[in-house]
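Subject: Structure handover

Hi,

Here is the structure I promised to pass on to you.

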Amino acid sequence: MNKVNGFLYGLLSSASFGLIPLFTIPAMHQGMQFWSILLYRFLFAMLSLACILLLDKQSFRIRRKEILPLLLLAFLYDCSAVFLFWGYKFMSSGVATTIHFMYPVLTTLIMMVFFREKKSPWRIAAIALAVSGVFFLSHGDTTGTVTLPGIFIVLLSALGYALYLVTVSQLKSLEMKGLKMTFYVFLFGGILLFTGMTVTGVGVQAIPDRITLGNLVMLALVPTVISNLALVRAIKNIGSTLTSVLGAMEPVTAVCVGILIFGEPFTQSIALGIGLIISAVTVIILKK
């Protein structure tokens, strides 16, 4: 039963993360800019995680030497989230989420180039598969909305998250549980985002109506808090490798939401591109 529960938690974690477009796109249609949407997401997620930490009787205390690493992680997470939401303006949400899902491939590439991790034919083949997948995705949208600048922006999102994961794995001074670290990443990420918005003169938009408020709360809870909690449970029951493989549900969910809810195009080329990227990520994870 533990393994069955682990698989269910793993599917819940990845599928809920793939629901980001379901709550983000309607808020954008109401005229909200992605900066403000992200700020509200961080705020509501931070408050939810704070309640969970209080119920779990965990301490909020952090050491002074942990502040700079947490700020760095928050900055990288901000970059990843900003570029992903920005990418929704250039292409369908399903394609954008699939390209973002390349972050394990980019993580492997970074470790091979900068940390001299062992190169292998499997990893090289996986990187080639991922690049081919992006090529087919970029040529599969018959509406012409997928552009090279859009692909570059979403690849920056994947790169930001890959750097976030590499930084977490390399930081020796950061010793705290995952939920507590996530709380501070959202806290500092929100502060950095608000500071950037203030400096650039971008104001925080008011939430226009109750439906948009509901979407923003759900954006903070489902693909953020619930996804993180389910991820922790899945790793405890079936391990990090199988949990990572189940992460393939993330782009599949986003594509289904895009097609069924928002009427986004789905062609043979897009299907092939998604298949190649998911295959590349699966090879990377299993060979590790």
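On the surface, Met1, Val4, Leu8, Leu11, Met249 and Val252 make up a nonpolar patch with about 530 Å² of accessible area together. Patch members have over 30% relative accessible area and no salt bridge, and nonpolar side chains (Val, Leu, Ile, Met, Phe, Trp, Tyr) are joined within 5 Å. A salt bridge here is a side-chain nitrogen of Lys or Arg within 4 Å of a carboxyl oxygen of Asp or Glu, and the areas come from the Shrake-Rupley method with a 1.4 Å probe, with only the protein chains shown as cover. Helix 1 gives the largest share of the patch, three residues, and helix 11 supplies at least two. Met249 is found in helix 11. Why is Met249 counted as partly exposed? Because its relative accessibility is 31%, and partly exposed lies between buried (under 20%) and exposed (over 50%).

A word on the source: this is a predicted model, where local features need pLDDT of at least 70 and side-chain atom pairs count only at pLDDT 80 or more, while totals for chains, interfaces and linings use all residues. Residues are numbered from 1 along each chain as its sequence is written, and side-chain values use heavy atoms, without hydrogens and water.

Now to the largest pocket, which holds about 1700 Å³ of space. Of its 50 lining residues, Tyr161, Leu165, Asn228, Leu231 and Ile235 are the closest to its centre. Helix 10 gives the most to this lining, with 15 residues. Helices are DSSP runs (H or I, at least four residues), numbered from the N terminus. By class, the pocket lining has 26 nonpolar, 17 polar and seven charged residues; Ala, Val, Leu, Ile, Met, Phe, Trp, Tyr, Cys and Pro count as nonpolar, Asp, Glu, Lys and Arg as charged, and the others as polar.

A pocket is an open set of points on a 1 Å grid with protein on both sides within 12 Å along at least five of seven lines; in a cavity, a 1.4 Å probe fits but cannot get out, and lining residues have an atom within 4 Å of a point. Volumes are the space filled by probe spheres set on the points.

There are two cavities of 30 Å³ or more. The largest cavity has a volume of about 70 Å³, and helix 4 (residues 67-87) gives the most to its lining, with four residues. The second largest cavity holds about 50 Å³, and its lining includes Glu264, Pro265 and Phe266.

Best wishes

Conventions
Patch = residues over 30% accessible without salt bridge, like charges linked within 9 Å, V, L, I, M, F, W, Y side chains within 5 Å. Buried < 20%, exposed > 50% of the residue type's maximum accessible area, 1.4 Å probe, protein only.
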